[in-house]
Amino acid sequence: MRLITPSQLSLFSISPVIGAWWQELEARKLFEGSKPEVSELDQQLFADGLRHEQVLLTKLEKEGHRIARLPGKQSDADYAATREAMADGFDFIHQASLCHGGMRGSADLLRKTEQPSALGDWSYIPIECKLASKPNTTFLVQASAYCELLTPLLGRRPDQFDLYLGGGRFQRYNTDQFWAWYRHLRQRFSAFQERFDPSQAPEDAPGDHSNWTAFIEERLEQQRDLMLVAGMRQSQRQKLRAEDQHNRAAGGVAGWQQRERAVGRGLA
């Protein structure tokens, strides 16, 4: 069974028709196109995001917290390493690989809390590290997904989760505040996957399609170019018709049909 990821759910939450369709096509290994090269800005943002996490980890270590730094590759060994780190009671677990209920992912951070769970007298909540200064929908989806993934390991759903935002600011949320909405999103995504038709590509439209945005923008640009060429053809034909009418009125001998065919051959 192919496992979904929190990133897929977050994409579906903002682009359920276009971005999610292309992502699903790629996940099924049916995507035969190519995406534009990652821009320098996106590369810089990715690097900044990694530094954002490392600054936090360094700060936590200086404060004396025990941190388990894991690979986060979501292999069987990584899942086992996460379970062991949780059982050992590390204060924070970086890149915690989790898998349950048809979904897999690596949480940016897990924070130990003083609340009983299946582990003992402690539990864990997920932390999503983001460069943005304000929360958005995708952050909430991903954090809720990690709450779901933690549930079988804790024997209970985490009551809260944190966002670590730009400027080094933590913002905490109650899981129940978004849980009904999140479960409905999960159900919608499952229905989307069940009725997915790889032969029915959605019509392109501008907007936020996450990591498919540049691809869609490129397709739209190509379509605009084709429309421009089509418009030129139409305007040229109209011009030729006007010239032909003028030539006929002036006794010209050029035939419209012959010129029409010549234009068609030249622009085909």
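I am working on a predicted model, so everything below is computed from it.

**Entry 1: the hairpin**

I looked at how strand 2 and strand 3 pair, and found eight bridges in the antiparallel sense. Two residues lie between these strands in their hairpin, and Gly-101 has a positive phi near 60 degrees there. I then checked how well strand 3 is covered: nine of its eleven residues are buried, which leaves the strand mostly covered.

**Entry 2: the rest of the sheet**

I followed strand 3 to its other partner. Strand 3 and strand 4 run antiparallel and are joined by five bridges. One pair I noted here is Leu-110 with its bridge partner Pro-126 in strand 4.

Stepping back, I found an open sheet of six strands, in the order 1-2-3-4-5-6, with mixed pairing. Which strands stand at the edges? They are strand 1 (67-69) and strand 6 (169-174); each has a single partner strand, so one side of each has no neighbour in the sheet. On average, neighbouring strands of this sheet are turned by 45 degrees against each other, direction ignored.

I also checked strand 1 against strand 2 (residues 92-100): they pair in the parallel sense, over three bridges. In that pairing Ile-67 stands opposite Phe-92 of strand 2.

**Entry 3: Phe-92**

That made me curious about Phe-92, which is found in strand 2. Is Phe-92 buried or exposed? Its relative accessible area is 4%, under the 20% cut-off, so Phe-92 counts as buried. I listed its contacts, leaving aside neighbours within four places in sequence: Leu-60, His-65, Arg-66, Ile-67, Ala-68, Leu-109, Leu-110, Arg-111 and Ile-127. Leu-109 is 17 residues away from Phe-92 along the chain, yet their C-alpha atoms are separated by 6.5 Å.

**Entry 4: helices on the sheet**

Helix 4 (residues 76-88) lies across strand 1, strand 2, strand 3 (103-113) and strand 4 (123-129), and runs at about 125 degrees to strand 2. Helix 5 packs on the sheet as well, touching strand 2, strand 3, strand 4, strand 5 (160-165) and strand 6. The direction of helix 5 makes about 155 degrees with that of strand 4.

**Entry 5: Thr-138**

With a relative accessible area of 16%, Thr-138 is buried, because the cut-off is under 20%. The side chain of Thr-138 makes a polar contact of 2.6 Å with the side chain of Asn-136. Leaving aside neighbours within four places in sequence, I found Thr-138 in contact with Ser-10, Ser-13 and Ile-14.

**Entry 6: helix 1 and its partners**

Those contacts took me to helix 1 (residues 6-14). I found Pro-6, Gln-8, Leu-9, Ser-10, Leu-11 and Phe-12 buried in this helix. The buried residues of helix 1 pack against helix 2 (19-27), strand 3, helix 5 and helix 6.

I took helix 2 next. Helix 1 and helix 2 pack at about 150 degrees, their axes 8 Å apart. That makes the two helices roughly antiparallel, since the cut-off for this is over 145 degrees. On the helix 1 side the contact is made by Gln-8, Leu-11 and Phe-12, and on the helix 2 side by Gly-19, Ala-20, Gln-23, Glu-24 and Ala-27. By class I have four nonpolar, three polar and one charged residue in this contact.

What angle do helix 1 and helix 6 (residues 176-194) make? They pack at about 90 degrees, with axes 10 Å apart, so I call them roughly perpendicular. Helix 1 brings Gln-8, Leu-9, Phe-12 and Ser-13 to this contact, and helix 6 brings Tyr-182, Leu-185, Arg-186, Arg-188, Phe-189 and Phe-192. This contact divides into six nonpolar, two polar and two charged residues.

**Entry 7: the whole chain**

The protein has eight helices and six strands, in the pattern α-α-α-β-α-β-β-β-α-β-β-α-α-α along the sequence. Of its 268 residues, 39% count as buried. Among contacts with a separation of 6 or more, residues 24 or more positions apart account for 61%.

Definitions and conventions: Residues are numbered from 1 along each chain as its sequence is written. This is a predicted model: local features need pLDDT of at least 70, side-chain atom pairs count only at pLDDT 80 or more; totals for chains, interfaces and linings use all residues. Side-chain values use heavy atoms; hydrogens and water are left out. Buried means under 20% relative accessible area, exposed over 50%, partly exposed in between (1.4 Å probe, protein chains only). A polar contact is a pair of N or O atoms within 3.5 Å; within protein, one must be able to donate a hydrogen and the other to accept it, and residues adjacent in sequence count only if both atoms are side-chain atoms. Contact means heavy atoms within 4.5 Å. Two strands pair if DSSP finds at least two bridges between them. Helices (H or I, at least four residues) and strands (E, at least two) are DSSP runs, numbered from the N terminus. Axes are lines fitted to C-alpha atoms, for helices over the stretch in contact, and angles run from 0 to 180 degrees between N-to-C directions. Angles under 35 degrees count as roughly parallel, over 145 as roughly antiparallel, 65 to 115 as roughly perpendicular and the rest as oblique. Ala, Val, Leu, Ile, Met, Phe, Trp, Tyr, Cys and Pro count as nonpolar, Asp, Glu, Lys and Arg as charged, and the others, Gly among them, as polar.
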